[in-house]
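Visitor: Hi! Could you walk me through the charged side-chain contacts in this one?
Guide: Happy to, let's bring it up.
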Amino acid sequence: MKLRGLYAITDSQLLAGKFLTYVEAALDGGVTLLQYRDKSSDEARRLREAEKLRDLCSRYKTQLIINDDAELAARLGVGVHLGQTDGPLTPARALLGRGAIIGATCHSQIELAEQAAKEGASYIAFGRFFNSTTKPGAPAATVELLTEARARLHVPICAIGGITLENAEPLVAHGADLLAVVHGLFGADSAQEVTRRARAFNELLKS
Ligand SMILES: Cc1ncc(COP(=O)(O)OP(=O)(O)O)c(N)n1
Ligand SMILES: Cc1nc(C(=O)O)sc1CCOP(=O)(O)O
Ligand SMILES: [Mg+2]
């Protein structure tokens, strides 16, 4: 599966009061994958928001990914992103089917990535590459890891963690196919700026 481009990730606090406006602004600028990431336990709100995002994504022909929750992804017929403690990949693949996009967090460990690829992950996420206000405690990764991953893996590679328009270029040069971004995209003062940033991220990934 060819997955390359901007991977926009929502943040419920950052997007409070402007959730759909900013998401649509990003989609307007071009988004390959949109992840709904909400760490709250309000299941009713999560379902409502995820349904809205699914409809919006289908209008923009963008693939929606649900963070953490394979059951919610199955209910909506979309993809899922699973971290190392979010449950195994094999049952998620059985639940969602062969065509679904399933992403796996592998921090900075190639061995975890090779295992995830064997278990059918559609892409592998490495990070964090820079300081992240969204997830400051995430383990750190270096660009050299991307070079090694590029040589050893045959699935798309996603980079995450503190990525901005100013620091993203070396990640692409070292082999990242997807740039996963929260603050560097949605931490903008206007919807127009979100669209501009989305376009600029995509320019970096044109090959
Ligand atoms: C694209 C992408 N990469 C990594 C993560 C992090 O997943 P995880 O380690 O499970 O942490 P949480 O996001 O669930 O806090 C991600 N969500 N997306
Ligand atoms: C959700 C997440 N996972 C990470 C990892 O390294 O696994 S870093 C991260 C936060 C990404 O947000 P921002 O672009 O604002 O740094
Ligand atoms: Mg998770």
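This is a predicted model: local features need pLDDT of at least 70, side-chain atom pairs count only at pLDDT 80 or more; totals for chains, interfaces and linings use all residues.

Visitor: How many salt bridges does the structure hold?
Guide: There are 14 of them in the structure.

Visitor: Okay, what does Glu 24 form a salt bridge with?
Guide: Its partner is Arg 59, and the closest N and O atoms are 3.6 Å apart. This pair links distant parts of the chain, with Glu 24 in helix 1 (residues 19-29) and Arg 59 in helix 2 (residues 43-60), 35 residues apart.

Visitor: And is Arg 59 buried or exposed?
Guide: Arg 59 counts as exposed, because its relative accessibility is 58% and the cut-off for exposed is over 50%. Glu 24 is partly exposed, at 27%.

Visitor: Switching topic: which side chain does Glu 148 meet in a salt bridge?
Guide: That would be Arg 152, at 2.7 Å from N to O.

Visitor: What about the relative accessible area of Glu 148?
Guide: Glu 148 has 35%, which makes it partly exposed. Arg 152 is partly exposed too, with a value of 35%.

Visitor: Where do Arg 196 and Glu 193 lie?
Guide: Both are in helix 9 (residues 191-205), three residues apart, or about one turn of the helix. Arg 196 is partly exposed at 45% relative accessibility.

Visitor: Which residues do shared partners join into one network?
Guide: Asp 38, Asp 42, Arg 45 and Glu 49 are joined that way, through salt bridges that share partners.

Methods:
Residues are numbered from 1 along each chain as its sequence is written. Chains are lettered from A and ligands numbered from 1 in the order in which they are written. Side-chain values use heavy atoms; hydrogens and water are left out. A salt bridge is a side-chain nitrogen of Lys or Arg within 4 Å of a carboxyl oxygen of Asp or Glu. Helices (H or I, at least four residues) and strands (E, at least two) are DSSP runs, numbered from the N terminus. Buried means under 20% relative accessible area, exposed over 50%, partly exposed in between (1.4 Å probe, protein chains only).
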